[in-house]
Every structure is written in C-alpha cells, then in structure tokens.
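Dear colleague,

Please find below the structure that I am handing over to you.

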Amino acid sequence: MAFETHCSSLCKVLALSFALFGLVAVGEGRFKGFRKFDVVQDSSHGAMSKELWFIQKLDHFNGADSRVWKQRYFVNEDFYKPGGPVFLMIGGEGPANPAWMKEGTWLTYAQKLGALCFMLEHRFYGKSHPTTDLSTDNLRFLSSRQALADLAHFRTVMGESRGLTNRKWVAFGGSYPGSLATWFRLKYPHLVHASVATSAPVFATVNFPEYLEVVWRSLASENTDCPVLVKKASDTLAERLKDPKTFENITKDFNLCSTLQIQSEMDSAYFLESVAGNFMDVVQYNEDNRGFEGVLGTNITIKVLCDVMGDASLGDPYTRYVAVARLMMDTYSVKCLDVSFSNYVRDMTNMSWDGPAAGGGRQWVYQTCSEFGFYQSTDSPNQPFTGFPLDYQVKQCASFYNISAKEVAEAVAQTNEYYGGYDIQSSRIVFPNGSIDPWHALGITADIAAELPAVFIKGTAHCANMYPARSQDLPQLSEARDHVFLLLQQWLK
C-alpha cells in the first residue's frame, strides 16, 4: 500500500515514518518495511519552531456546515524582506516535522529571495484533528480536494491578516504534497503564483506494478545480480509459506513475535509484502539526506543491501534475505517481527486518535482507497518480489472502510478526471524527480511546456532535491537545486 508515500504505503513494529512521513514536506506514500507505525521523532532543531493554530472549515463544499477545527501550522520569518514572496510548504500524510522550518533547500531559496515561510499540516495527520475520531464516516472529510481548499482558505486569511494578499505565493511539496502543490496551482491559480512539485505522482492508478519494476532497475544499477538474488530469495520464501512444516524454521529465521500461521492468501501476502518492504523503503530513499528530520536508518543504502545479498559466505539467497531482515530489525530496534495479518487488520480498523495506525496509516490507506490507488503489486514479471498481487491490496479497502474494488476503480478515474492526470494545463510549475525513485513512474519527467519544466535527476531518489545540500551530493543534484532556484528567480520577477 502506498504514500508516502510519502510510505504506505503495516504492523505495530513497522513504520509510519511519514513519508511519505513525520515528514511534512515529503510525503511517503508507503507504509512498508520495518518503519510502518514508527513515527519519526521531531529533531532537536524542530523543537525551536513554535506551533501555531488556524481556525479551519470542516467541509469547504457544504455552505450549510459551519463546523470548524484547529489546523497546525508553523512560520519562519527569519529571511523575510518587505515585498518579498511567501513560501508555503504543504503537509503530507504524516505529522508536520518542524525540522523543515530550520533546514531544507526551500529555506536556502527563501534566504536568497527574501521569502516569508509557512508550513501547513495536512488535515487528519499529526496534531491536525478535524474530527473526534477516525471512523470511516468521519474520514469522508479527508481528501485532496478538502486539503486544497484548506490551503486556499489559509492563504486567503493569512494574506488578509498579515498584509500578504498581493505578495507572490509559491507552493512547495514532495511526493503526495508535491501532487498537492501541482493541483493547488492548477485549481487556485489566483492564489498561488508558482509551485515546486518534487517527486509528485500526478496520475492516479489502481494498479502500480511499475513501482517494483523501478525497484528492480535501481537494485540492478548497483549490481546486476542483486535483484536476481532478491527474486530467488522471495520465490523461495513464497514456496516455503505453502508448507506448514517450514513454519517453525521461518519463525526462528525472521524472529517472528509468534509462531507463523498461514490460514489464507492474505496472511502470506502480508508477510511477503512486509519483508519486501525493506528493499522498497531503502530504494525509495537511497542516500537521501534525511538525518536532520530524526529519521533512522539513513546509513542503509542500496549498496548495503546488495552487498548482503551478494555475500555467498552467508549461505543461499534465502539466508541472505533473512540477513537483510535482521539488519533492518536491528537498525530500527525491532525486537520481533509481527507478520500477523489479523493484527494488522485490528490496528488499521482502530478508529481512535490514540490507535497504532493513527499516525497516518489508517488515513493514508483510506486516501488510496477513496482517491488514488497506487497499489504497489507484484503483478509485473519484471520485478523482484512474489506474492502480493493487486487483489490483496484492494481487498483491504473493503475490510477497513467498506469500499469495494469497483468503487476504488471509480474513485481513481474520478481523480484523474478532476485533476487531468499527466495532462496538466497550467504554468509556473517545476517537476523535479529522481531516476532511482520508484514514484517517478507516475510523475512528470519531461518538459510539458516552457513554463511546466521537468528536472529529471539521474542517480537520486525520492525528494532528494528538497533535503539540505551536503558535500557528497552528486553534481547533477546540486545542478538541479540551482536550476529550480533560477526558475523561481525568473518567475518571481
């Protein structure tokens, strides 16, 4: 399951790292691997940013509904020069991380351009709670359309109250928030002058097997044998899951929290997806400079995983696959691996704001079911994993929210009808994407027009250009950041 992902995106010990995510600026669109419900801690830098609250409408599309709620936001006025632009960082599918108010490429641009900076947390994520709980009935107020209307209302009121109405506003976002940055400029061109839409999936699709195809290519870019070995290991594990005699050994191998039980295809699919998710997470964020956010595991790269998979001294490919899982568990301090699908269903159907999936898992999967799809299935032959087909992903929509497969397909078609998919009719939006990042398969990687340029960065992963610069950055990444700055400079003249 997706964000960020951006990190769909699935069990107590595993991560919500929003993702994305939390990352506010960078949605994850995935919740896999060993970070599923593990909320990223605010960094020490972030603690210095003061939380502010905005009175927001619950339902922007029903004039008869006057209910309101408090939406969290942050401000950085350090670089603002009177008459300068206003930058708005869009929150995503996880808690807004105030570290972004102290670091990140957008602040480098703000310093050079004299911008005032806001960051607005997305409704239903982090501390922005529009309703008393996360019941499916309440989640009907969670959508990209409501989120865009939140941005529009915030921009209007802040413009009026702070004397910024006639300033040029620029939207920033990465992953799902990058999509929102695109659509904010598309749907509210009178309110936002330009957008930087990084790693933004703009085309909704129920089945997204291309994600894992990019994972294959990204692993192969390190070592051509690497994805082949991963496939052999995944195939072996899938075969062993068919034989109850192997369950005791598998339980020990992966240090499972309880003895393995496979009673349905959903059970085996969940296990296979959970273990595959480690590779998916590492590829998506390979070598991204995310440490400032308080994210763990940034030292685990594609090279690290492929070195383990290529180490014949460890044993056969299956044994090396186990070694990768153990490495990830150690990295995230996971004592045992819970691969119980029934536990996952229990967590995902917990409607409390204190529930184990309330950090973003329940909400983001709802958005995939009701708007986007983005299901990273194993339906393509050109990818390294086995056993979690589209059917497994879509059935969760019915289990968690009573949304049928037909309704998912209709919702996805509606999303593309409303936003236009790849056919973006707008101006002053730049689309940076990384070649290693699987999400680029649903993004804009070639110029649409002079004022809708793409910046395709070879060798970089998800949202790489948004993170703080460092000396070991690839030259093309530094050039991409500079190119985006020149575009902003030109568009803000």
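This is a predicted model: local features need pLDDT of at least 70, side-chain atom pairs count only at pLDDT 80 or more; totals for chains, interfaces and linings use all residues.

Residues are numbered from 1 along each chain as its sequence is written, and side-chain values use heavy atoms, with hydrogens and water left out.

The chain as a whole

The protein chain contains 14 helices and 12 strands; both are DSSP runs numbered from the N terminus, helices being H or I with at least four residues and strands being E with at least two. Of its 493 residues, 63% are buried. Here, buried means under 20% relative accessible area, exposed means over 50%, and partly exposed lies in between, with a 1.4 Å probe and protein chains only. The accessible surface of the protein chain is about 17600 Å², and carbon and sulfur atoms account for 49% of it. These areas come from the Shrake-Rupley method with a 1.4 Å probe, and for residues only the protein chains shown count as cover.

Two helix pairs

Helix α5 (residues 226-240) packs against helix α7 (residues 265-284) at an angle of about 160°, and their axes are 11 Å apart. Axes are lines fitted to C-alpha atoms, for helices over the stretch in contact, and angles run from 0 to 180 degrees between N-to-C directions. The helices α5 and α7 are therefore roughly antiparallel; angles over 145 degrees count as such, under 35 as roughly parallel, 65 to 115 as roughly perpendicular, and the rest as oblique. On the α5 side, V230, S234, L237 and A238 meet F271, L272 and F279 of α7, where contact means heavy atoms within 4.5 Å. The residues of this contact of α5 with α7 comprise 6 nonpolar, 1 polar and no charged. Ala, Val, Leu, Ile, Met, Phe, Trp, Tyr, Cys and Pro count as nonpolar, Asp, Glu, Lys and Arg as charged, and the others, Gly among them, as polar.

Helix α11 (residues 361-372) and helix α12 (residues 390-401) pack at an angle of about 120°, with axes 10 Å apart. That angle makes α11 oblique to α12. The contact joins G361, R362, V365, Y366 and C369 of α11 to C397, F400 and Y401 of α12. By class, the contact of α11 with α12 has 6 nonpolar, 1 polar and 1 charged residues.

Single residues

Two residues other than glycine have a positive phi: S333, near 55°, and F374, near 65°. S333 lies in the loop between α9 (317-331) and α10 (341-348), and it counts as exposed because its relative accessibility is 62%. F374 belongs to strand β10 (residues 373-375), and F374 counts as buried because its relative accessibility is 3%.

T182 is in helix α3 (residues 176-187) and counts as buried, at 0% relative accessibility. Leaving aside residues up to four places away in sequence, T182 touches A197, A200, V202, I424, I429 and F431.

A413 is part of helix α13 (residues 405-419) and is partly exposed, with a relative accessible area of 45%. A413 and T205 are 208 residues apart along the chain, and their C-alpha atoms are separated by 7.9 Å.

Yours sincerely,
A colleague
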